[in-house]
Amino acid sequence: MVIALLLFVILGVIVTLLPGALLGYGCVAASGSMSLGARIALVLFTAGASAATWLTLVGISHMWRPAAAILSFAATAASGALFLTIDVYKRRAPRPPHPAWQVRS
C-alpha cells in the first residue's frame with residue numbers, strides 16, 4: 001500500500017514537472033532575438049501562467065493544487081533560467097587568444 005502511494009506521488013511529481021520544464025525550454029528557444037531583460041520577463045510570465053493553469057484544473061484535488069502550482073512554477077523558472085544561461089554563454093563565449101608565436105597576415 002505504501003509502495004503504491006509513493007509510486008503515485010512520484011508519478012504526479014513527474015507529470016507536474018515535465019510540462020513546466022518543456023515550457024521553460026520552449027520559451028527560451030522561441031525568444032532568441034529578444035533582449036535579455038525581455039527574455040527573463042517572458043520566462044517569469046510563462047512560469048506564472050503555468051502555475052495558474054494548475055490552480056484552475058478541475059481533476060486535481062483542492063489539497064494538491066498549491067503544491068502542483070509551486071512545482072510547475074519552479075520547474076518552468078528553473079528550466080528557463082538554465083537554458084537562458086546556456087544560450088547567453090554560447091552567444092558571449094570568449095574567443096581563445098592567438099598564440100604569441102603565430103604571425104597574423
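I began with the lining of the largest pocket, and α1 gives the most to it, with six residues. This is a predicted model, so I keep that in mind for every entry here. I looked up where α1 runs: residues 2–30. Both α1 and α3 supply at least two residues each of that lining.

Next I wrote down who lines the largest pocket. The names are F8, V9, G12, V13, V15, T16, W54, I60, W64, A67, A68 and L71. How many of the lining residues are charged? I found no charged residues there, against 10 nonpolar and two polar. The space in this pocket comes to about 280 Å³.

Then I turned to the pair α1 and α3. Their axes come within 7 Å and cross at roughly 35 degrees. The crossing is right-handed. On the α1 side I listed V13, T16, L17, G20, A21, L23, G24, Y25 and V28. Facing them from α3 are A68, L71, S72, A75, T76, S79, G80, F83 and L84. I sorted this contact by class and got 11 nonpolar, seven polar and no charged residues. Some names turn up from the pocket list too: V13 and T16 of α1 are in this contact, and both also line the largest pocket.

My next entry is on α1 and α2. Which way do they run relative to each other? I read an angle of about 155 degrees, with the axes 10 Å apart. That angle makes α1 roughly antiparallel to α2. Here, too, I noted a right-handed crossing. From α1, the residues V15, T16, L23, C27 and V28 meet R39, L42, V43, T46, S50 and W54 of α2. By class I have seven nonpolar, three polar and one charged for this contact.

Last pair: α2, residues 36–56, and α3, residues 65–91. I found their axes coming within 8 Å and crossing at roughly 160 degrees. The two helices are therefore roughly antiparallel to each other. The contact of α2 with α3 divides into 15 nonpolar, six polar and four charged residues. I noted the handedness of the α2 and α3 crossing as well: right-handed.

Key: Residues numbered from 1 in each chain as written. Predicted model: local features only at pLDDT ≥ 70, side-chain atom pairs only at ≥ 80, totals over all residues. Heavy atoms only, no water. Axes fitted to C-alpha atoms, helices over the stretch in contact; angles between N-to-C directions. Helix = DSSP H or I, 4+ residues; strand = E, 2+ residues; numbered from the N terminus. Parallel < 35°, antiparallel > 145°, perpendicular 65-115°, else oblique. Left-handed = near helix turned anticlockwise from the far one by under 90°. Nonpolar A, V, L, I, M, F, W, Y, C, P; charged D, E, K, R; others polar. 1 Å grid on protein atoms, 1.4 Å probe; cavity = no way out; pocket = protein on both sides within 12 Å on 5 of 7 lines; lining within 4 Å. Points joined across faces, edges and corners; volume = space filled by probe spheres on them. Contact = heavy atoms within 4.5 Å.
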